Every structure is written in C-alpha cells, then in structure tokens.
Amino acid sequence: MKKILVATTALVAVSGFAVSASASEKIKLSVGGYMEQWAGITSQSDGFDNVNAFQSDTEIHFKGSTTLDNGIEVGAVVELEGESSGDQIDEQYLYVNGSFGQIKLGEDDGAADDMGITAPAVGPVGVNDGDLTNWVSSYLPDTVPSDGDDPKITYFTPVMGGFRAGVSYTDSDVSKNAGGTGGNLGQTTTSGLPVVSAGLTYDHDFGDVALGLSAVGEHKGQGNWYGLGANVGFGNFTVGGSWGHIEDDYGVNDRQTAGNETDTFDVGVAYAMDAASVSLSYAYSDYGNRSTSGGAASTGEISTVDLGLAYQLGAGVAWKSSIFWFDDDNDAAAFDNDGYGAVTGLRLDF
C-alpha cells in the first residue's frame, strides 16, 4: 500500500460541524485494495447452466486521514470496484476516531455485519455468505444477512474489558448517493424502510486460548433477524460456528404479507501451520422466501460443505483452493439442485 504525506490545511465537515486542522498537520493518503483471479470446475443437476470457469474480483481502496491537535483522527474511505458494476463505488464513508470510540457516516456495512462472527474458513468459496452462488445455482446460507451499504450513521464504543458494542441507523434501505431524483437512486429519495443494526462482541485471551463471541441483529420493517457466533483458538487450531434467524416479517412493511422464517447455522475448524492453513466447514439453512422467476417465492433446505486451503506465497500474495459440495432441496422443482466443484487461484492484497 502506497502512503503519501501532504502538509496542508484540512477542513472536514462532520454532520454540519466544521473541524479545522492546522497547516502543520499531516494528511495521510494511501491507495490499496485487492485482486482475486480464480479458475474452477463444477457439476450440478441437469437444467442448470455451468458458469464461466474463470472469475475475478478486484477493488481499489482510496484512503485519507488526518489527526487533529486534540488527538482525534478524521478520515475517509472510498472503495472502487475494479470491474463494471451497477454499484461501481462499493463503499464510501467518513470516520472519526477518538477515546470515545468511532463514528462512521456514509455508505458502509452496518454494525451487525461488521461485528458478526462465523465459522472459520480459508478457501475462496466458503459456506456462509461466500462465493457458492458465483459457481452454482443455489440458495446462499448466511447467518449475518445484513442490509447492505446504504447511507447510514454508525457508532462503535471503545473496547472495555474485551467488550465492544455498535449500532447503526439508516432511514432508507434502498437509498444510494447516486445523484438525481428519480426512482430509488437519487440523493433526495427516502423511499424504502429504515433499518436499525446493532452488535456486541467479546474478545479475550485466556492464556493459550483465544475466545471470540458475538451477538448481532437488525430491525427492518415489521421484524428482525438476529444471530450468535463463537470462535475458540488454541494452539494451531480454531473452531467455531454461528447461528442466525430471520423472522417472517423482517423487511416487510405493514401493507405486505409476511412470508416464511429462515434458520441457518454453520460450524467449522481451521488449522494453521507456518504459511499454510486448511479448513473444513459446513452450513445448513432451512430457508423461506427465496426469490424465483416471475416474482414468486419458494422455500427449501440446503446443506453445503467446503474444504479450503490457503498458502501464503509472500507478502500480500496467497494461493487459495476450495473443494465444495451442496444439496439444495427446494420445494419448487425448477430450483432443486445439487452438485460439487473445485476452485483454485490467487489473491493479491496491496
């Protein structure tokens, strides 16, 4: 990551208040990001098209920050998708760090998404909100099904005795700061539903044992989703898992009909030795309201397993591989699917 120091006068507006930094202070600028290039082969039920055997994911991250005379750090982050996307700027937000904790303003994940703990997994596919649906047609298990990167305000407390809390609020789950006034993409739109997202984590080392716990959730529309997660590290091993529940009226307003509830869990174990690590993880979801063609919805159950391998080739460069299997038992015959696959490739963090 390249860093540049610039002596300048900074004026940063924070929710209507102006904070000035003197000319003697340093503005830190950096450019970083990552690139992933994957090759894979899959087999799934007849009637489902195979996807491209070569896939990629790239983001460029621009960051700038300054520290004021009172010790408060003010910074900004802009994440640019490296390929054509309907959401070309993935995330953009301003943050303020101090002894009081952290405040973030802008388009970023909510507190629940940032704080949720799931089972350890090192491969490129994974089983919990991973890349399974990039390679096959199936439901994607997710124990932390957060609302997304809509404009919001987030506050995280300082870490106190291993505990940390966070809360986010957005007034519209479909808003994006994309300019204009039409549809759901203008800065002036307030259509959609407000979302409150919250989380609590606990991280502490007990001698040679590291413990991480999380309790997270969101309220949107008439209902909630909520979940628990835990990881335990000892020696070269990490074991853990998570559970999440989506209520039938989460994301549904009072003029809509509620659907079906969803329960999901994952478990996994990872082993690290020098530059290599390996993981085995499993996820299960009894899901409702999966979107299908024509606006209909279906329910079903999915089980999926991932054997992952990661090897650090050098600074910022990792070779990763996954061998995975899934069985999506959908009540709509057109979406019932099962199969397996293997994916390998390189990730560069810079």
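**View 1. Lys220 forms a salt bridge with Asp147, with 3.1 Å between the closest N and O atoms.** A salt bridge here is a side-chain nitrogen of Lys or Arg within 4 Å of a carboxyl oxygen of Asp or Glu. The pair links distant parts of the chain, 73 residues apart. Lys220 sits in strand β12 (residues 209-220), and Asp147 in the loop between α2 and β9 (151-156). Helices (H or I, at least four residues) and strands (E, at least two) are DSSP runs, numbered from the N terminus. Lys220 and Asp147 are both buried. Buried means under 20% relative accessible area, exposed over 50%, and partly exposed in between (1.4 Å probe, protein chains only). This is a predicted model: local features need pLDDT of at least 70, side-chain atom pairs count only at pLDDT 80 or more, and totals for chains, interfaces and linings use all residues. Residues are numbered from 1 along each chain as its sequence is written, and side-chain values use heavy atoms, leaving out hydrogens and water.

View 2. Lys152 counts as buried because its relative accessibility is 10%. Asp150 is buried too, at 3%. Asp254 pairs with Arg255, their closest N and O atoms 3.6 Å apart. Asp254 is exposed, with a relative accessible area of 61%. Arg255 is exposed at 71%. The whole structure holds 8 salt bridges.

**View 3. The largest nonpolar core has 11 residues.** Such a core is a set of buried Ala, Val, Leu, Ile, Met, Phe, Trp, Tyr and Cys residues joined through side-chain atoms within 4.5 Å. Among its members are Trp38, Val125, Trp135, Tyr287 and Phe326. Helix α2 (132-135) and strand β18 (317-330) each give two or more residues to this core. Val125 touches residues including Leu132, Trp135, Asp306, Phe324 and Val343, not counting those up to four places away in sequence. Contact means heavy atoms within 4.5 Å. A second, separate core of 9 residues includes Ala111, Ala112, Val144 and Phe156.

View 4. Leu307 lies in strand β17 (residues 297-314). Leu307 counts as partly exposed because its relative accessibility is 40%.
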